[in-house]
Amino acid sequence: MSGKPPPRILSVAGSDSSGGAGIQADIKTITMLGGYAMTAITAVTAQNTRGVQAVEIFAPEFVIAQVESCLGDIGADAVKIGMLGSARTALTLAKRLDSFAGGIVFDPVMVASSGAELADTATIAGFATLMDIATLVTPNLPELGALTAMPLGSVDEIGEAAAALARRHDTSVLAKGGHGEDARVVDILVAPSGEAMVFDDARLPGEHTHGTGCTLSSAIATLLGHGQALPHAVRLARRFVRASIENAPGFGGGNGPLGHQAVRSLA
């Protein structure tokens with residue numbers, strides 16, 4: 001073996017049988033960005049571009065057993081957390097990762113792109129323990145609203161809500177503006193100190209955006225694993241997501257998957 005080994009990235013998330021989001025999107029993203037992907041699957045779904053037809057949630061003990069298998073042998077440089085499935089899994093995972101030395105990117109998944117609910121009220125309440133240990137939390141606008149109960153009618157209000165969440169949990173927050181209706185997508189990265197950075201791009205046309213949140217969070221985790229500073233990791237990860245949207249294969253009759261396979265490493 002020669003050269004520097006790839007960063008080891010553990011994704012803790014649910015499985016999307018159609019390959020567009022969840023664990024499958026994470027593996028594709030991590031691999032295309034030069035990382036080594038490992039998984040701890042929290043749930044399996046019968047899912048496609050039209051919606052989620054069925055969900056089977058794994059016991060927290062089994063999820064943690066997968067985490068232990070990966071961390072106890074191969075180790076990890078960063079962890080991405082997505083769909084959790086239950087409050088007990090959130091609490092148990094937070095306890096296990098409390099001493100983890102690498103970056104932790106938490107995507108507080110509540111609703112699938114199709115509109116299907118993927119987290120109940122108790123699970124959302126359990127998110128607090130994970131936000132307390134995360135390096136970065138990446139809520140979209142509906143998730144940010146649910147986590148803060150603050151108005152999000154303007155960019156300033158979105159920034160204020162993100163700053164409040166960052167202060168509350170002493171973590172950085174990336175408020176994602178993809179659910180907005182403006183011609184431009186504005187994402188706001190806020191540090192616990194309140195320092196903010198705005199990322200602003202023209203909204204891309206088309207309906208094929210299934211798995212964008214999963215892709216963005218796993219891309220940031222991979223880039224952190226490569227040693228990138230958080231703002232630059234976010235900048236490069238956003239470029240990766242946009243390129244993947246631009247190369248979407250057009251599959252399915254609903255909100256189709258991204259074209260991860262067409263985007264080469266940006267690390």
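Q: What links D187, D201 and R238?
A: D187, D201 and R238 are linked in a network of salt bridges. A salt bridge here is a side-chain nitrogen of Lys or Arg within 4 Å of a carboxyl oxygen of Asp or Glu. Searching the whole structure turns up 8 salt bridges.

Q: Good to know. What sort of model is this, and how are residues and atoms treated?
A: This is a predicted model, where local features need pLDDT of at least 70 and side-chain atom pairs count only at pLDDT 80 or more, while totals for chains, interfaces and linings use all residues. Residues are numbered from 1 along each chain as its sequence is written, and side-chain values use heavy atoms, with hydrogens and water left out.

Q: Why is the pair of K80 and D26 called a salt bridge?
A: The closest N and O atoms of K80 and D26 are 3.0 Å apart, and the definition asks for a Lys or Arg nitrogen within 4 Å of an Asp or Glu carboxyl oxygen, so the pair qualifies. K80 sits in strand β4 and D26 in helix α1 (residues 22-32), 54 residues apart, so this pair links distant parts of the chain. Helices (H or I, at least four residues) and strands (E, at least two) are DSSP runs, numbered from the N terminus.

Q: What makes D26 count as buried or exposed?
A: Buried means under 20% relative accessible area, exposed over 50%, and partly exposed in between (1.4 Å probe, protein chains only). D26 has a relative accessible area of 0%, so D26 is buried. K80 is buried as well.

Q: Which residues is D26 in contact with, beyond its neighbours within four places in sequence?
A: They are S11, A13, K80, C214 and S218, where contact means heavy atoms within 4.5 Å. The side chains of D26 and S11 also make a polar contact at 2.6 Å. That term covers a pair of N or O atoms within 3.5 Å; within protein, one must be able to donate a hydrogen and the other to accept it, and residues adjacent in sequence count only if both atoms are side-chain atoms.

Q: How do you know that E68 and R96 form a salt bridge, and what does the pair tie together?
A: Their closest N and O atoms are 2.7 Å apart, which falls within the salt-bridge limit. E68 lies in helix α2 and R96 in helix α3, so the pair ties together parts that are 28 residues apart in sequence. With relative accessible areas of 35% for E68 and 24% for R96, both are called partly exposed.

Q: What about D200 and R184: why are they called partly exposed?
A: D200 has a relative accessible area of 39% and R184 one of 42%, so each falls in the partly exposed range. They form a salt bridge, with the closest N and O atoms 2.6 Å apart.

Q: How do you know that the buried residues of α3 are on the same side?
A: In α3 (residues 87-97), the buried residues are T89, A90, L93, A94 and L97. They cover an arc of only 130° around the axis, which puts them on the same side of α3. The arc is that of the directions from the helix axis to the C-beta atoms. These residues pack against several elements, including β1 (8-16) and α4 (121-133).
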